[in-house]
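I am opening a notebook on a structure that is new to me. I will look things up one at a time and write down what I find.

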Amino acid sequence: MRLFRASEILGIARDTLQFALDASEETHPNEYMGLLRAEDARKFDLDRNGQVITDVLVIPGTKSDPRSATVKSNMIPNDLKAVGSVHSHPNGVLQPSDADRGTFHKGNVHIIIGSPYGWRDWKAFDSNGDPRSLDVLDVELPEEQFFDFTQDDIDAELRAEGRDPGRSQPDDDRRDGGTFEQ
Ligand SMILES: [Zn+2]
């Protein structure tokens, strides 16, 4: 994994957290697992320096069962700058497992979401597996940040960037993560 130590993470966008809670519930009874991406707080109306978590990316090929989720690290795009991870504990325990602690050194914020996946059913941890604070921020995310891309949207975006839509593979399932084409 190529994760970098970023400037301070201020918090997570409310919509992004909601997305992760919903996805965890949908994945139940299996674990949900994704990587977190952040954007500079200056992009939003926040009078603070740092970064805001705005995206959850599910890596294709991620295998999960009720007790673990495994990301295929060779499927992580080289240019993905993740600030940490999010995963669910279908048993509801909001504590990192020993295995979790073994992976938390990559990135500096790790969210665990537990069943029943409500607004209080999550906690954030640092790279040592110790609890850390993570504000939920009411920031306005651009519409295209979210995950229901159609092929037309993607083609339009590629054209807007002056790229040839023909170069993207129509059934590249990485697109399920939503933001790889940025
Ligand atoms: Zn875990």
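How many helices and strands does the protein have? I count three helices and 10 strands, where helices (H or I, at least four residues) and strands (E, at least two) are DSSP runs numbered from the N terminus. Before going further I note that this is a predicted model, in which local features need pLDDT of at least 70 and side-chain atom pairs count only at pLDDT 80 or more, while totals for chains, interfaces and linings use all residues. Residues are numbered from 1 along each chain as its sequence is written.

**Entry: the overall run.** Reading from the N terminus on, I find the elements in the order β-α-β-β-β-β-β-α-β-β-β-β-α. I then looked up burial, calling a residue buried if 20 or more other C-beta atoms lie within 10 Å of its own, exposed if 12 or fewer, and partly exposed in between, with C-beta atoms placed from the backbone. Of the 182 residues in the protein, 32% are buried. For contacts I take two residues whose C-beta atoms, placed from the backbone, lie within 7 Å. Among contacts with a separation of 6 or more, 65% are between residues 24 or more positions apart.

**Entry: the sheet.** Which order do the strands of the open sheet follow? The eight strands are ordered β9-β8-β7-β6-β2-β3-β1-β10, and the pairing is mixed; two strands pair if DSSP finds at least two bridges between them. At the edges stand β9 (131-132) and β10, each with a single partner strand, so one side of each is left without a neighbour in the sheet.

I went on to strand β1 (residues 9-13), where five of the five residues are buried, so this strand is largely enclosed by the rest of the structure. β1 pairs in the parallel sense with strand β3 (residues 51-57) over three bridges, and also in the parallel sense with strand β10 (residues 135-137) over three bridges.

β2 and β6 are joined by five bridges and run antiparallel, with Gly34 opposite Val86 in β6. β7 and β8 also run antiparallel, joined by four bridges, and here Ile111 stands opposite Ala124 in β8. The pairing of β8 with β9 is antiparallel over two bridges, and Ala124 stands opposite Arg132 in β9. These two strands, β8 and β9, form a hairpin with five residues between them, and Gly129 in the turn has a positive phi of about 85°.

**Entry: helix α1.** Where does α1 lie? I find it across β1, β2, β3, β6, β7 and β10, running at about 30° to β3, with axes taken as lines fitted to C-alpha atoms, for helices over the stretch in contact, and angles running from 0 to 180 degrees between N-to-C directions. I checked its length too: at 1.5 Å a residue, the 14 residues of α1 should span 20 Å, and the end C-alpha atoms are 20 Å apart, which agrees; the expected span is 1.5 Å times one less than the number of residues. The buried residues of α1 are Thr16, Leu17, Phe19, Ala20, Leu21, Ala23 and Ser24, and they pack against β1, β2, β3, β6, β7 and β10.

**Entry: the core.** A nonpolar core is a set of buried Ala, Val, Leu, Ile, Met, Phe, Trp, Tyr and Cys residues joined through C-beta atoms within 7 Å. The largest one has 38 residues, and those with the most contacts inside it are Ala20, Leu36, Val52, Ile53, Ile111 and Ile113. At least two residues of this core come from each of β1, α1, β2, β3, β6 (82-89), β7 and β8, and α1 gives the largest share, five residues. I looked up Leu36 in particular; leaving aside its neighbours within four places in sequence, Leu36 is in contact with residues including Ile53, Val56, Val86 and Val109.

**Entry: backbone exceptions.** Most residues other than glycine have a negative phi, and most peptide bonds are trans. Against that background I noted the peptide bond from His28 to Pro29, which is cis with omega near 10°; Pro29 lies in the loop between α1 (14-27) and β2 (33-40). The bond from Ser115 to Pro116 is cis as well, with omega near 10°, and Pro116 is in the loop between β7 (109-114) and β8 (122-125). Tyr117 is also in the loop between β7 and β8, and its phi is near 70°, a positive value in a residue other than glycine. Is Tyr117 buried or exposed? Tyr117 counts as buried, because it has 21 C-beta neighbours inside 10 Å.
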